[in-house]
Amino acid sequence: MTGSQASETEKAGWAVRLRHGLSRSSAKLTTGIGELFGKRRLDDEALEELEELLIGADLGVKTAAAVTQRLAKARFNQEVGADEVRTVLADTIAEILVPVAQTIALSDAHKPHVILVCGVNGSGKTTTIAKFGRLFHGLGLKVIFAACDTFRAAAIEQLQIWGDRIGCPVLTRPPGADSASLAFDAMLLAQAERADVLLIDTAGRLQNKAHLMAELQKIVRVLQKHDPKAPHDCILVIDSTVGQNAHNQVEVFRDMVNVTGLVVTKLDGSAKGGVVVALAERFGLPVYAVGAGEGMDDMQTFDPQAFARGLLGLEA
């Protein structure tokens, strides 16, 4: 098997896993669409009911309006079937998502390329760091982890375990240590070791927003003592199961740090996968990757076509 064939096989395998991971979300949508459109004339009432269904599936008001307007323009007052509606919906969602489907662009001008990873506790930050570390390490890059979520001993231990498995050094301090001081030392180490990438885990305790903001901003300040442009990326990890609360999380963290992109996790955990579309529509932030499981291969770069069709239960 050639490299390109292996890549296509891997891509096809991920599309199947993603569709399976999105099955709860797609079941909600396809069941609703099936009930609305057995064979039905596309009149104003049908369009209004469809729009309400899409909004209820966390897709966002603008997306819902765009889909119904597209259907109305092409098929108003004609009979339409559920499969046709699902296909139009998938095509429209893919178009909305294409601009945000981006990858992290590592620059040779930054050595190391510093990636600060933030998000509320339980969103999957530490696992996301491990998966990015594995990806970069597999490309032959030298990667260092910094366990700056020093308030949770479990987070420190988890990152150490992942680092050992992948072969990435992990800089840690005892629980309760100053996270900014650790980030400062991690930057020194990464520069001394000529590392390509420094991935920094952070705490995410929104119960005390002011304290968390001060902590994250202090980490950024100490990093900039070494490199005025650091961190070069700030990834916000969003747990998709929180649904519409994801909008609030984006707003809160953008107030604290310069969020450059999103990773959306746990798409297999609920019927709220449509929130990815709503986030893209509202904030326009790059979506670097999505996750649909705990395994190391269950997070991949964001493919808008595969996601949109998976969300509607259609084969990629």
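Guide: Let us begin with a definition: a charge sits over a ring if NZ of Lys or CZ of Arg is within 6 Å of the ring centre and within 35 degrees of the ring normal. Please keep in mind that this is a predicted model.

Visitor: Which ring does the charged end of Arg 165 sit over?

Guide: That is the ring of Trp 162, and the charged end of Arg 165 lies 4.8 Å from the centre of this ring.

Visitor: What about helix H7, how far apart are its end C-alpha atoms?

Guide: They are 20 Å apart, which agrees with the 20 Å that the 14 residues of helix H7 (residues 153-166) should span at 1.5 Å a residue.

Visitor: And which residues of H7 are buried?

Guide: The buried residues in H7 are Ala 155, Ile 156, Leu 159, Trp 162, Gly 163 and Ile 166.

Visitor: Changing topic, what is the order of the strands in the open sheet?

Guide: The open sheet has eight strands in the order E5-E4-E6-E3-E7-E8-E9-E10, and their pairing is mixed. Its edge strands are E5 and E10 (299-301), each of which pairs on one side only.

Visitor: How many bridges join E3 to E6?

Guide: Five bridges join strand E3 (residues 113-118) to E6, and the two strands run parallel. Within E6, Ile 200 is the bridge partner of Leu 116.

Visitor: Back to rings, how many aromatic pairs are there?

Guide: The count comes to two aromatic pairs. In one of them, the rings of Phe 132 and Phe 136 have centres 6.0 Å apart and planes at 20°, so this pair is stacked. The other pair, Phe 302 and Phe 307, is edge-to-face, with 5.4 Å from centre to centre and 65° between the planes.

Visitor: Where do Phe 132 and Phe 136 lie, and are they buried or exposed?

Guide: Both lie in helix H6 (residues 125-138), four residues apart, which is about one turn of the helix, and both Phe 132 and Phe 136 are buried. Phe 302 and Phe 307 are both buried as well.

How values were computed:
Residues numbered from 1 in each chain as written. Predicted model: local features only at pLDDT ≥ 70, side-chain atom pairs only at ≥ 80, totals over all residues. Heavy atoms only, no water. Phe/Tyr/Trp six-rings, centres within 6.5 Å; stacked < 30°, edge-to-face > 60°. Buried < 20%, exposed > 50% of the residue type's maximum accessible area, 1.4 Å probe, protein only. Expected span 1.5 Å × (residues − 1). Pairing = 2+ DSSP bridges.
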